[in-house]
Amino acid sequence: MTTQATLPRPAKPLARLRDPAWYQEYGVYAAVAVVLLFNALFTEHFMTADNLRTQLVQVAPIVIVALGMALVIGTEGIDLSVGSTMALAAALLPLYLGYGLVPALLIALLAGAVVGAINGTLVSLVGLQPIVATLALFVGGRGLALVMADGQLKQIVNPDILALGTGSFLGIPTVVLIAGVLALAVAFLVQRTTFGRQIVAIGGNRSASALSGLPVKRVLIGVYILCGVMAALAGILATARLTASDPSSLGTLMELSAITAVVVGGTPLNGGSIRVLGTVAGALLMQLLRATLVKHDLPDSTAQIAQAAIIIAAVYVARERRSR
Amino acid sequence: MAPTHATPSHPETSGAGVAVAEPVLEARSVSKRFPGVVALDDVSFALRAGEVHALVGENGAGKSTLIKVLTGVYQSDEGEVRVSGEPVRFARPFEAQQAGISTIYQEVNLVPLMSVARNIFLGREPKNRFGLIDFPRMNRETTELLDGFGVRVDPKRPLHTLGIGTQQMVALARAVSVQAQVVIMDEPTSSLEPREVETLFRVIENLRGQGIAVLYVSHRMDELYRICDRVTVLRDGRHIHTGELAPLERMQLVSMMLGRDMAEVRRDGLTGFAAEGHDAARTPVLTATGLDRRHQLHDISVELYAGEVLGLGGLLGSGRSETAKALTGALPLDGGEITVDGKRIGRPTPAAAIRAGISMLPEDRKAEGIVPGLSVRENIVLAAMPRLSKAGIVSRAKQDRIVDIFMKRLRIKASSPEQKVGELSGGNQQKVLLARWLCLEPKVLLLDEPTRGIDVGAKAEVQSLIDELAREGLAVLLISSDIEELIEGADRIVVLRGGAVAGELAGDEVDESRLLEVLADHTPGAVPADRTPDDHTPGAAPAHPVPEPGGKVPAGQEDPR
């Protein structure tokens, strides 16, 4: 074994590939590129505008939920209740559509904020562990949604809502546009605002942050509220695309998809770092991988196994980061 | 016909006859590089059986790296490690342990939630005939083992419920009980009380008597001269000197470590504090009256004047850190009042205290200080972030300006402000934390063990900074277990005992014997008698027989929580 050069030389791309830090930084983007390249070469009708648009539309709600999840995970927390929050928003939407589009949307988003506030309070003031605190609303939230919707699927005919799901602006689907704008907004929040930097600091060392006078409890509650609101928004968009409010199945397993996107995107579960763009790429990677396998007539079970492999690879790469 | 190896000759109890003993552990021309840094450059080093060998150097000198190479945490890039003359290559720390090399790291590395006994026997638990852990035997042996260290604790207690000093003794007991040939101690006394230090030294004498080699890393000169036979000095990853410690003058040793001019070191003295005191103002900046917290603080009142350094003395568990935390609002109080410049702080919280102008450097740098994954810049501005932002959006330009000023003023050594704080040495991390608090422009600065676990150079720099700040009119509260530091640094000392004020020393009373008197009052035998002012004499005889300290008082009492 040769001794490592003292400084990394950009001139040798192969040496760079042996550096674990490179995978942590760019692995997820490289993986997306590889999947796209593979499809360009071997899959018919994959790299068409139509198909790519479908993929983006499908991934948009996951991206939105994952963005909120990334913030929560950045504080060394986790939010299991996002799927139930989506269902709750979906259940509320048809109930208030009678008052008009805006009130209905606001009520649905408010429900997300309330769920987030409850989660945040349980975590920061009561001091419950995030996984336990959010488990309560993971179970209870969907139950509440079903009660409110009478356990029934409701068709949605309001054209404004449906436009959210199917409309487009400059050829880009509205859903995708919203997800993109939110990704930029969250990236700005994390990188450039006091609140964002405080989230990261609290995730990196909670007691140091508290001793430095950071409003730890307020920040934590704020983070869970943001996550709840984004989950509610994802619930609205998913409902709009479905053209029906279906609280019994909307958003099931969403918490796991979101956590997967965050982890694959390179955000460590032990907090102190948030990778927004990585999270988007992580969601995209899982979506494209699944689509690729389906297009090659492999069953969904195969896709799940492939996804598992990606998760393990992502966690393995992240492990190197921690041991340094 | 290989000659049979004689067992290492038994050294005399004085430790003077070790010169002929063969090396039990040796590093030959060892080099170790990390990306961008040469941590060890062709370092050779030999440890003989039955000697206590000091390893000294500033942070970044390569001490930790050398230890890690010797114990298999790192593999050297060049050179070899030999155990009893045989070249070895430890792939893992466990293999070094198997070869009889035990290490006690700076931060206690035990399992906090497991019992004391389980920690001591971790990985080698005694089994009963069903192959299950023999708990009664394990607990019995633990009690016996710890008795030998003068520590009396219930072996079934979870480790984390013990005080940090006691935890350290448990770590030591574990290291010694694994039939070690070599025991490596990295800053073993940094969290010990004086009487625990005495117990530790007794144990080290005992190890020396058994022909076990001890590698002793410490920044405390007194300890080195008391307990060590030989010394190796490293600087910037290179080997500078190895030799007998006794004939080596203290100043000479320090100058070798720092690579500084002898005269310069001499002029500055051993601590970084100037000889003269400070002119304190007449009205207090901070007044705390009747601070009360169940089981921890009882009616503590403190006044702090601008331009003075007030020392807060006391033994472990006396409530020093708790008092500092109470003053910053980090510890909820049952009663008491804190005023700054005549204004009462309503409900004390860290944020309120910071607004009022109180800053505190916490004791535990890792757990309560640095955010390891964030950059030097972000760590410095952490508390000041709202002030450096507009409408909730951070201003990089403002941050960079502040960070630049403090990195220069405190001479923080980092490759750039964007380097992660976790990658810096302890001394530089401490300076980053000082910068975090100083950039808030506080009126009152509370320093809880500001120089613990940092190298000599950084220590002197921090001490002279404290001096400078007080001269500029800051009110400083200094907590330190280093008695020398407390006495030379403080203008006045308030001594705590059992969570209450036990006495106050001012003016000429601030000296070591007076301080020990107050500390010792009503705790008979707790303070070692041999701590006399004459240990300022350079080159005091090392390893003189240790007087029996404190008789039967158990060394490891826990914090009264």
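This is a conversation about a predicted model, in which each label is set against the rule behind it.

Biologist: Why is R497(B) counted as buried?

Modeller: Because R497(B) has 20 C-beta neighbours inside 10 Å, and the cut-off for a buried residue is 20 or more, the residue meets the rule and is classed as buried. Its place is in strand 21 of chain B, which covers residues 492-497.

Biologist: Why is helix 16 of chain B called largely enclosed by the rest of the structure?

Modeller: The helix is described in that way because 12 of its 16 residues are buried. Among them are V456(B), V462(B), I466(B) and L469(B), together with the charged residues K459(B), E461(B) and D467(B).

Biologist: How do you know that the reach of helix 16 of chain B is close to the expected one?

Modeller: Helix 16, residues 456-471, reaches 23 Å from its first C-alpha to its last, and this is set against the 22 Å expected at 1.5 Å a residue, so the two values are close. The helix is followed by G473(B), whose phi is positive, near 110°.

Biologist: What makes a group of residues the largest nonpolar core here, and which members touch the most others?

Modeller: A core joins buried residues of the nonpolar kinds through C-beta atoms within 7 Å, and the largest such set has 175 residues, of which V65(A), A66(A), M69(A), V476(B) and L478(B) touch the most other members. Its largest share, 19 residues, comes from helix 11 of chain A, residues 216-242. M69(A) touches residues including V82(A), C227(A), I259(A) and V262(A), not counting residues up to four places away in sequence.

Biologist: How many residues does each chain give to the contact between chain A and chain B?

Modeller: Chain B gives 28 residues and chain A gives 22. On the side of chain B, the elements that give two or more residues are helix 11 (350-356), helix 12 (365-369) and strand 18 (393-394). By class, that side has 18 nonpolar, 5 polar and 5 charged residues.

Biologist: Into which domains is chain B divided?

Modeller: The domain assignment divides chain B into domain 1 (38-248) and domain 2 (284-533), and their C-alpha centres lie 30 Å apart.

Methods. Residues are numbered from 1 along each chain as its sequence is written. Chains are lettered from A and ligands numbered from 1 in the order in which they are written. This is a predicted model: local features need pLDDT of at least 70, side-chain atom pairs count only at pLDDT 80 or more; totals for chains, interfaces and linings use all residues. Two residues are in contact if their C-beta atoms, placed from the backbone, lie within 7 Å. Helices (H or I, at least four residues) and strands (E, at least two) are DSSP runs, numbered from the N terminus.
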